[in-house]
Structure formats: structure tokens, C-alpha cells
Amino acid sequence: MRVLFVEDNEINRRVVKEMLRAGGIEMSEAEDGIIGLQMIEANDYDLILMDLRMPGMDGITAIRHLRARTDQKAHLPVIVVTADEGLTIDSDCKQAGADDVLRKPVSMAVLFDSIGSVLAQRGDSSVMLA
């Protein structure tokens with residue numbers, strides 16, 4: 001399984017990368033939404049983890065751009081991982097096309113539960129968690 005984590009904070013990327021690695025999942029990294037969309041264009045991923053507040057292009061905008069694609073990549077599962085506690089964040093993310101929203105700091109159990117749940121809801125049995 002290949003995951004792209006779009007997150008501007010290097011420490012957050014490192015922590016999540018170690019969690020995913022422990023579960024046998026390969027993770028690529030992008031520092032903002034623009035780079036994330038470029039990486040999605042150039043590579044194949046099974047799932048996207050997306051921060052919201054980033055320089056360049058924020059997560060909501062990046063999700064909207066992804067969902068506007070006309071190819072299969074438009075349907076990639078997206079899980080938002082954010083420290084934002086705004087009252088409308090969950091609904092804003094879902095309206096943009098996110099499959100789930102997690103709050104930082106995210107635990108390994110919560111992260112893997114969300115990944116498993118999102119993949120199950122989408123009926124994607126071709127992607128297996130270790």
C-alpha cells in the first residue's frame with residue numbers, strides 16, 4: 001500500500017511515516033497542496049493523508065482540485081489530518097470530498113482504524129493493510 005502525506009510540518013510527517021512503516025505501509029511526502037497534486041499526477045497512491053493549513057495551497061483547495069479530475073485518481077481516498085478545531089471543519093472537509101477527518105496528534109490506532117474504515121466503505125479489497 002502506498003500513501004501520500006501532504007503536510008508542511010516535517011516532524012508531523014516523520015511521526016506518521018514511522019507509524020505507517022510499522023504497519024508495512026510505504027509513505028511519500030509533500031510539503032503543500034501544490035506539490036501534493038503534482039505527486040499525485042506523477043505517481044500511483046492508494047490513499048492520501050492531507051493537512052489543512054499549509055502555505056502555497058491549503059488542504060481543502062487541494063482536495064477540491066483532486067476531486068475535479070476526470071480520471072480514476074479523482075476517486076482516491078482522502079483522510080484529513082489536522083490540528084484545526086473549527087466548528088465547521090468536519091463538514092467543510094466532507095463537502096470538499098474528504099472521506100474522514102482526524103485530529104492531531106493522531107494515534108497509530110486511530111490512524112489505522114480510519115484507513116481500514118475508509119477502504120472498507122469504498123469496498124477496496126485490493127488494498128490490504130499489513
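**Close-up 1. The crossing of α2 and α3 is right-handed, where right-handed means that the near helix is turned clockwise from the far one by less than a right angle, and left-handed anticlockwise.** The model is a predicted one, in which local features need pLDDT of at least 70 and side-chain atom pairs count only at pLDDT 80 or more, whereas totals for chains, interfaces and linings use all residues. Residues are numbered from 1 along each chain as its sequence is written, and side-chain values use heavy atoms, with hydrogens and water left out. Helices (H or I, at least four residues) and strands (E, at least two) are DSSP runs, numbered from the N terminus. The axes of α2 and helix α3 (residues 59-67) lie 9 Å apart and the two helices pack at an angle of about 25°, so α2 is roughly parallel to α3. Here the axes are lines fitted to C-alpha atoms, for helices over the stretch in contact, and angles run from 0 to 180 degrees between N-to-C directions; angles under 35 degrees count as roughly parallel, over 145 as roughly antiparallel, 65 to 115 as roughly perpendicular and the rest as oblique. From α2, Gly 33, Leu 37 and Ile 40 meet Ala 62, His 65 and Leu 66 of α3, and by class this contact has four nonpolar, two polar and no charged residues. In this scheme Ala, Val, Leu, Ile, Met, Phe, Trp, Tyr, Cys and Pro count as nonpolar, Asp, Glu, Lys and Arg as charged, and the others, Gly among them, as polar.

**Close-up 2. Helices α1 and α5 pack at an angle of about 65°, with their axes 10 Å apart.** This angle makes α1 roughly perpendicular to α5. On the α1 side, Val 16, Met 19, Leu 20 and Ala 22 meet Met 108, Leu 111, Phe 112 and Ile 115 of α5, a contact whose residues divide into eight nonpolar, no polar and no charged.

Close-up 3. With a relative accessibility of 6%, Arg 13 counts as buried, the classes being buried under 20% relative accessible area, exposed over 50% and partly exposed in between (1.4 Å probe, protein chains only). Its side chain reaches the backbone oxygen of Asp 8 at 3.4 Å. Not counting residues up to four places away in sequence, Arg 13 touches residues including Phe 5, Met 27 and Glu 31, contact being defined by heavy atoms within 4.5 Å.

**Close-up 4. Asp 99 lies in the loop between α4 (89-96) and β5.** Asp 99 counts as buried at 18% relative accessibility, and a polar contact of 3.2 Å joins its side chain to that of Arg 67. Such a contact is a pair of N or O atoms within 3.5 Å; within protein, one must be able to donate a hydrogen and the other to accept it, and residues adjacent in sequence count only if both atoms are side-chain atoms.

**Close-up 5. Asn 43 occupies the loop between α2 (33-42) and β3 (47-50).** Asn 43 is partly exposed, at a relative accessible area of 27%, and its side chain makes a polar contact of 3.5 Å with the side chain of Tyr 45. Residues up to four places away in sequence aside, Asn 43 touches Arg 2 and Lys 73.
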